[in-house]
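Q: I have a chain to go through with you. Could we take it step by step, starting from a single residue?

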Amino acid sequence: MKISIIGSGFVGATTAYALVMRGVGRQIVLVDLNKQRAQAEADDIFHAVPFAHPLNVSAGGYPDIAGSKAVVVAAGVGQKPGETRLQLLERNVAVFRSILPEVYRYAPDAVLLVATNPVDVLTHAAAQIASEFGIPPSRILGSGTTLDTARFRALLGRHLKVDPQHVHAYVVGEHGDSEVLTWSLATVGGAPLDVIAEQEGIPLDQEVRDSLDRNVRYAAYNIIDGKGATYYGVGSALTRIIGVILGDQRSILTVCTPVEEIAGVKDVTVSLPFLIGGSGVLDRFPLPVSPEEEALLNKSAGVVRSAIDSLKLA
């Protein structure tokens, strides 16, 4: 199966590399305005194929994405140190208006996966642009809080000394400062967090929770301050989502896609637990959070809705 990646910067190239390392797909095409960069990244990644999985990796133009099962949009203006995701909005919407008509000219049947920040608003914009080509919103999704959820689970697992794969916890809402960590739903091996913490004699009081919250919520800022960009985590998250789409795995992931209403906010795109399969978003799962978390989700969705309104997007 063919996967095309628009944008061969840190995120796009790292995603391609992660796809090769995990053996997801059979053909990867990198497309970028900087054709020399795309070719160099494709060559470098292809040289890793003998050490990983038999995928073909190449650079090309939009005509080369024809037949793609999934198209990742990782193009756009990069986030500067100290810059919020929402401040990227106006600069990156213009980029999308030039990219998506080309995507749907050559790969109209692909599931579109948005990675560019601010991912919530850009996914909303992408769905509107795609609707002009008759594409349903269920085939447009963003990486959303997939990585934030992984961070939450990883940090909880490390604190509780448990393999994070046995930790179930979601981060929902905006992929950004207002995101909501759903402590009320978090479990380890099916047991509530407090039960496991007490059994193992590990503190999980409010001070510990606040510290974990900060380390999840502001992880991107710390990484950007230290090395200029984040790409390993999000590249792995995108690879996971692509694998679910290509394999029609029907997995529950906290991606973002347009919804009619959430926590009292109408017509907005935020991350929630969605059932994902071969055709994109298949269903939305219930989110029985606490009243306090519901209020925070209302605020988070409102932040995204305000950004959508600022662009005069419907």
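A: Leaving aside its neighbours within four places in sequence, R22 is in contact with H53, T239 and R240, where contact means heavy atoms within 4.5 Å. This is a predicted model, in which local features need pLDDT of at least 70 and side-chain atom pairs count only at pLDDT 80 or more, while totals for chains, interfaces and linings use all residues. Residues are numbered from 1 along each chain as its sequence is written, and side-chain values use heavy atoms, with hydrogens and water left out.

Q: Where is R22 found, and is R22 buried or exposed?

A: R22 belongs to helix α1, residues 10-22. Helices (H or I, at least four residues) and strands (E, at least two) are DSSP runs, numbered from the N terminus. With a relative accessible area of 53%, R22 is exposed. Buried means under 20% relative accessible area, exposed over 50%, and partly exposed in between, with a 1.4 Å probe and protein chains only.

Q: And what separates the C-alpha atoms of R22 and H175?

A: They are separated by 25 Å, and the two residues are 153 residues apart along the chain.

Q: Changing topic: how many helices and strands does the chain have?

A: The chain has 10 helices and 16 strands. Its radius of gyration is 19 Å, close to the 20 Å that the globule rule gives for 314 residues, so the chain is as compact as a globular protein of that length. That radius is taken over C-alpha atoms, and the rule is 2.2 Å times the number of residues to the power 0.38. Buried residues make up 55% of the 314 residues.

Q: Which residues touch the most other members of the largest nonpolar core?

A: I6, L100, L112, I262, V268, L272 and I276 do, in a core of 83 residues. A nonpolar core is a set of buried Ala, Val, Leu, Ile, Met, Phe, Trp, Tyr and Cys residues joined through side-chain atoms within 4.5 Å. A second, separate core of 20 residues includes V171, V188, L193 and V216.

Q: What does I276 touch?

A: Not counting residues up to four places away in sequence, I276 touches L141, V244, I245, Q249, R250, S251, L253, V255, V281 and L282.

Q: R250 is in that list. What is its phi, and where is its place?

A: R250 has a positive phi of about 55 degrees although it is not a glycine. Its place is in the loop between α9 (232-246) and β12 (251-253), and at 52% relative accessibility R250 counts as exposed. D267 also has a positive phi, of about 50 degrees, and is not a glycine. D267 is found in strand β14, residues 265-271, and is partly exposed at 33%.

Q: Which residues does the cis peptide bond join?

A: N117 and P118, with omega of about -5 degrees. P118 is found in the loop between β5 and α4. Most peptide bonds are trans.

Q: Back to helices: where in α3 does the kink lie?

A: The kink, of about 25 degrees, lies at I99, shortly before the proline P101. The bend at a residue is the angle between axes fitted to the seven residues ending there and the seven starting there.

Q: Which residues of α3 are buried, and what covers them?

A: L89, N92, V93, F96, I99, L100, V103 and Y104 are buried. Their cover includes β1 (2-6), β4 (68-73), β5 (111-114), α4 (119-131), β6 (140-142) and α10 (291-310).
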